[in-house]
Amino acid sequence: MWPQVPQALLRLIPEQASTVAGQVDALFLFLVAVTVFFSGLIFLLILVFVLKYRRRSEAERPKAIHGSLLLEAFWTVVPLGIALVIFVWGAYLYFVISRPPAAAMEVYVVGKQWMWKLQHPTGQREINELHVPIHRPVKLTMTSEDVIHSFYVPAFRVKADVVPGKYTSVWFEATRTGEYHLFCAEYCGTSHAVMGGRIVVMEPAEYERWLSGGVGEESLPAAGEMLFTRLACNTCHKTDGTGRGPSLVGKFGKSEKLTSGENVAVDESYVRESILNPQAKITAGYPPIMPTFKGLVTEDQLLQLVAYIKTLKMDGQAKP
Ligand code: CUA
């Protein structure tokens with residue numbers, strides 16, 4: 001297993017409460033160890049050489065030195081090896097952190113000056129607070145209404161920019177119940193320092209109780225479906241494919257052929273772009289007639305539409 005940080009170090013390193021925390025700390029401690037070792041070695045060598053090669057008399061002239069191929073090769077190859085270890089280790093960890101497991105529970109996050117708005121797929125909305133079950137991967141799909149923020153939970157070793165105009169994502173799996181600080185880690189204006197909150201990690205049964213205790217809000221896909229009808233999206237994007245726009249059934253997660261001949265992956269970002277800037281990437285075989293919905297839908301509503309389109313399965317039935 002990954003090393004557990006001793007209690008005495010807890011003031012230097014935040015507690016470990018996610019599956020990646022120990023791995024991040026192991027890499028960090030390795031970097032610290034390498035740095036301390038070489039700093040010590042250099043200080044020691046300076047001291048030794050200062051004493052050993054000091055000038056002993058006025059008349060002393062140093063001997064000429066002609067270098068050593070062996071020594072040069074040694075101090076080239078060893079640092080190269082260490083740098084490669086850091087690179088491979090860091091890249092591996094980056095991939096682990098940036099790829100959410102397929103079964104992850106999805107939560108949608110909108111940052112704004114100066115609060116965090118979080119929505120569960122089942123409809124619960126939270127401000128500056130996120131309740132999650134323990135031992136379950138949670139994927140966050142995040143965007144901002146105004147400026148760049150950064151979603152930072154030190155105990156999970158998770159930090160990701162939240163950028164206006166696009167979706168970024170991050171995931172974590174909590175390993176300990178309790179409350180953990182959530183920070184904004186990107187300076188975003190006057191109240192940046194107080195833009196934060198807490199993540200509450202609960203036992204699964206307790207989490208289910210919390211979920212059912214919420215006021216009866218409709219689920220995200222259900223809210224998205226109502227919006228889809230209210231904005232009249234359904235008059236063109238007919239489910240049977242006879243509309244003026246392509247049917248959206250079974251499209252999410254697949255690849256779509258464009259008029260330009262390119263293929264594009266139908267993901268959260270593509271759906272979002274197609275709503276706000278429909279002319280950017282037109283599905284092959286359809287005319288560029290869709291108007292933009294920029295200014296007509298909020299970031300929260302965009303996420304509801306995305307959640308709805310995700311549920312449109314091949315059989316043509318929405319399953320919120
Ligand atoms: Cu939001 Cu700093």
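Biologist: Is Asp-300 buried or exposed?

Modeller: Asp-300 counts as buried because its relative accessibility is 11%. Buried means under 20% relative accessible area, exposed is over 50% and partly exposed is in between, using a 1.4 Å probe and protein chains only. This is a predicted model: local features need pLDDT of at least 70, side-chain atom pairs count only at pLDDT 80 or more, and totals for chains, interfaces and linings use all residues. Numbering starts from 1 along each chain as its sequence is written, and side-chain values use heavy atoms, with hydrogens and water left out.

Biologist: Which residue forms a salt bridge with Asp-300?

Modeller: Lys-117, with the closest N and O atoms 3.6 Å apart. A salt bridge here is a side-chain nitrogen of Lys or Arg within 4 Å of a carboxyl oxygen of Asp or Glu. The pair links distant parts of the chain, since Asp-300 is in helix H6 and Lys-117 in strand S2, 183 residues apart. Lys-117 also counts as buried, at 16% relative accessibility. Helices (H or I, at least four residues) and strands (E, at least two) are DSSP runs, numbered from the N terminus.

Biologist: How many salt bridges does a search of the whole structure find?

Modeller: It finds 13. One of them joins the side chains of Glu-15 and Arg-176 at 3.3 Å, N to O. Glu-15 sits in the segment before H1 and Arg-176 in the loop between S8 and S9, 161 residues apart. Glu-15 is partly exposed at 32% relative accessibility, and Arg-176 is partly exposed at 39%.

Biologist: Which residues are linked in a network of salt bridges?

Modeller: Glu-106, Lys-139, Glu-268 and Lys-310.

Biologist: Back to S2. In what order do the five strands S3, S2, S1, S5 and S8 form their open sheet?

Modeller: The order is S3-S2-S1-S5-S8, with mixed pairing. Two strands pair if DSSP finds at least two bridges between them. S3 (125-127) and S8 (168-173) are the edges; each has a single partner strand, so one side of each has no neighbour in the sheet. The twist averages 25° from one strand to the next. Axes are lines fitted to C-alpha atoms, for helices over the stretch in contact, and angles run from 0 to 180 degrees between N-to-C directions.

Biologist: How many bridges join S2 to S3?

Modeller: Three, and the two strands run antiparallel. Within that pairing, Gln-119 has Arg-125 in S3 as its bridge partner. Helix H6 (299-311) packs on this sheet, touching S1, S2, S3 and S5, with its direction at about 160° to that of S1.

Biologist: Now the open sheet with S4. What is the order?

Modeller: S4-S10-S9-S6-S7, again five strands with mixed pairing. S4 (129-133) and S7 (158-162) are the edge strands, each pairing on one side only. Helix H3 (204-212) lies across S4 and S10, at about 135° to S4.

Biologist: New topic. What is Ser-18 in contact with, leaving aside neighbours within four places in sequence?

Modeller: Ala-155, Phe-156, Glu-173, Ala-174 and Thr-175, where contact means heavy atoms within 4.5 Å. Ser-18 itself lies in the segment before H1 and counts as buried, at 6% relative accessibility.
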